Amino acid sequence: MPRPGFVLEVDRSTPPILFHHGESLRLEKLPAGRSRVLYPGEPLAALEDVDGEIRQALDNPLGDSQPLRALLKPGMKLTIAFDDISLPLPPMRRPDVRQRVIEAVLDLAAAAGVDDVHLIAALALHRRMTEAELRHAVGDRVYDAFAPQGHLYNHDAEDVDNLAFLGTTRHGEEVEINKRAADSDLIVYVNINLVSMDGGWKSTATGLSSYRSLRHHHNVKTMQQSRSFMDRHASELHSSNWRMGEVLRDAGVKVFQIETTLNNDTFGTSGPMSVLQKREWEWTARDRATFVGMKAGLDRMPIGVRRKIFNSWKAPYGVTSVQAGEVEAVHEVTTANVFKQQLVAVEGQTDILTMGLPYICPYNVNSVMNPILVMCLGLGYFFNMYRGKPLVREGGVLIMSHPTPWEFNPVHHPSYIDFFEHVLADTTDPLEIEARYEKQYAEDEWYRHLYRTSYAYHGVHPFYMWYWGCHGLSHMGKVIIVGGDPRSVRRLGFTPASTLNDALEMASDVVGRDASITHLHNPPIVMADVT
Amino acid sequence: MKALVFSRKPAKFAAAMLAGRLSPGSGARVGPLALRDIDPPELPGPGWVRVRPRLSGICGSDLAIVDGTSSRWFEPIVSFPFTPGHEVVGELDDGSRVAIVPVLSCVARDISPACTPCAEGRINHCERIGFGNLEPGLQCGFCESTGGGWSTLMVAHEQQLVTVPTQISDEAAVLIEPTACAVHAASQVRAPRVAVIGAGTLGLLTIAALRHTHPTIELIATAKHPHQRALAAELGADHVVAPTELERAVRARTGSMRLDSGQLTGGLPAVVDCVGSHESIAQALRIAAPGATVHAVGMPGVTTVDLTPLWQREVALRGAYAYERDDFDTAIDLVDSLDLGRLVSATYPLRHFVDAVAHAASAGARGAVKIAFDLRSEKERESI
């Protein structure tokens, strides 16, 4: 029976606590008597027969939906859209659950005589997936059967001839999605719901859409009103996507949603990485030796080698649930299953929130975690891992640990470089950034060209990263990065600190000397249910 | 009288070249520049007056001479030994303060009739340079006959004198001459968007002059150091970026495409290079749009630059040397209204000329802008 997540009160006997630190790790002693650590739950039991559960879900849909086999007819146009490289994190070991689901759907389609099938990576404004990444997601068999004919491809949000405008929501939000998907008799959306932000109408309304649509919810106002964006019912981001879902439905777009959830088995139960998944006071002598050796080795390696090692890690996640059918009904169950793994009850907010940021976030798979992504991961994703109230009080201090190098992948993140060098040099105010610069970057022909033909995130993407963190940014009294490149940290508008103790000392100027501290022990993923 | 004198001494010149390469400004320590007791310069003729320098700036062209990196182009148009210093605020025998227009035109050389450019007021284009009744010298500060500002006394033709308004400090007045250079350069720019490369004294003054001359122009500037960034923005740059960021900044602002090599397919219609190195000229050519003009404002010297982009994109390379007389009126307004005297970061007495030159050569890195000699307290000054 896996143990649930919990809150540890730090006392004198508590050993140093693990902090992820990019492509490295740190052990930090937290002050006794005023610190607590929020631990994730142990991995829930995985489904034993994943393929059987998938078939079962397709035949027994949730909500107002017929079984998938009843929706498949000869001569119909079927589009299978699937989540892109940003999910899951780290990527999962083969076979990826998308492959399993897609193969099951294709088996049914073949049995029903459906031969007009397209598979689309629903990447919105993310970078295109490479052949290797697509093969990893859908499997070699599916890739070889569809890609050579041009029936498996990346969504192109700048291909104006292949976008369909479907109308506006009652709030005036324009809905435009991939034309092939819109014209299909059925869209089957294959999702991996790693966190509660994912899935639901966001899959189609965001993943298959264009800047014209996205700008209505990927903006500062919406993100400020999403508290948090991990809590669908308190998230304006989701409300907007749900309104767009209504427009899709009213326009006759039929979506059969398949959502899957994964457990917390991020680093495995054996091998050197498994220590990252254990609670520190339960480390054996062997675990400690492994950790010391791993850290010493990593710290001596050139960054390129370290990055390669981490990027090659594939998580042994277990699939914990598969839901299929009508979008909203499916998503309610999915979210409950995500919470079952990740949600931990926490009493009261803290003055100082600490977090160790790992080497990966949704937008740097096989790439570099640049400073803008550091901001997004810390103030966007990790800060928003709450339901109810933020873990840290308003005006409190956020301390993140990450090397934050002034380094960018020029292929994946060309507009990020310009955003960092030019936009952030002028201002870090999200509203000002949005008003003064977004349009220029969104419509830049070169960025468009690179997004469409290379492997670049869209020109506007770094803006979205900044907006993702805007609620956190306005909430915090101070943001400190431990062990970061001081130039990068200052460009972000934050304060650099050499050590956690220095950071806590700096924090005391804002929240006093006896301030309470909470450490978010993430990853594996944990979400706070704060009362 | 005391004067810093630059003599023709090949061995010392070679030593200065070597030292200057190792450490910019070191040429003053080992080269032909020396503090001497010399006779005051004679008045060359009617219309000439004696000027006692109060402050005299150290310019990039002075540093090039001291470090032995300046072009041999100047050999026939300078005369040895000479006293450097062409950025000068001084006082006349009657105590009135003047700034010097150092360019030596036909009038100063007593050439009559004046050449066509001089007759038209374009004294910087003088076609009789090196002739007339003066020793060769394109400006005071490079001419044996006139002396220069790095001394306690020099001579100037009355047409070279510009009265300094009383409200303008000596520190501000010593910047009138370089500001006039900047005003002249700005007057040549005819484009709605321009990049200024370099944020030393000349770069900063050019930014100020461009903003004054073309209030609506979009101005991107490069600056290496924090104080330069702040000043560039304050003096009128819309965007200030690090030198390494310029290509990306221009690309982003012009919507240009970018080739795999990093070359832009478009760029800016005008680029003003206030550095004059081969790197800065090459960078200017890289960010200039087809049909654009690159204005060489910083003194370039001997450089090696790939001119293929100039040819393939029909880019014009245009020099901007000195000024016309009217540019001084605008320069005085700018110096006054923008309080440019604050750009003078440090002054030195003549005897500390080695330190002064070294400071000027590393001004940016040391948080400084303009370094000048302060002659106001030199003992010999009063006795001449």
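**A covered helix and a helix pair**

Tutor: This is a predicted model. In α18(A), the buried residues are A:His461, A:Pro462, A:Phe463, A:Tyr464, A:Met465, A:Trp466, A:Tyr467 and A:Trp468.

Student: What makes helix α18 of chain A mostly covered?
Tutor: Eight of the eight residues in this helix, 461–468, are buried. To be called buried, a residue needs 20 or more other C-beta atoms within 10 Å of its own.

Student: Which elements do those buried residues pack against?
Tutor: They pack against α9 (220–224), α14 (371–382), α15 (414–426), α16 (430–442) and α19 (470–475) of chain A.

Student: Why are α15(A) and α9(B) called roughly perpendicular?
Tutor: The two helices pack at an angle of about 100°, with their axes 10 Å apart. Angles of 65 to 115 degrees count as roughly perpendicular, and α15(A) and α9(B) are therefore described that way.

Student: Which residues meet there?
Tutor: From α15(A) come A:Ile417, A:Asp418, A:Glu421 and A:His422, which meet B:Arg248, B:Ala249 and B:Ala252 of α9(B). By class, this contact has three nonpolar, one polar and three charged residues.

Student: How many residues of chain A and chain B are in contact?
Tutor: Eight residues of chain A touch eleven of chain B. On the chain A side, α15 and α17 (445–453) each give two or more residues, and α15(A) provides the largest share, four residues. That side holds two nonpolar, two polar and four charged residues.

Notes:
Residues are numbered from 1 along each chain as its sequence is written. Chains are lettered from A and ligands numbered from 1 in the order in which they are written. This is a predicted model: local features need pLDDT of at least 70, side-chain atom pairs count only at pLDDT 80 or more; totals for chains, interfaces and linings use all residues. A residue is buried if 20 or more other C-beta atoms lie within 10 Å of its own, exposed if 12 or fewer, and partly exposed in between; C-beta atoms are placed from the backbone. Two residues are in contact if their C-beta atoms, placed from the backbone, lie within 7 Å. Axes are lines fitted to C-alpha atoms, for helices over the stretch in contact, and angles run from 0 to 180 degrees between N-to-C directions. Angles under 35 degrees count as roughly parallel, over 145 as roughly antiparallel, 65 to 115 as roughly perpendicular and the rest as oblique. Ala, Val, Leu, Ile, Met, Phe, Trp, Tyr, Cys and Pro count as nonpolar, Asp, Glu, Lys and Arg as charged, and the others, Gly among them, as polar.
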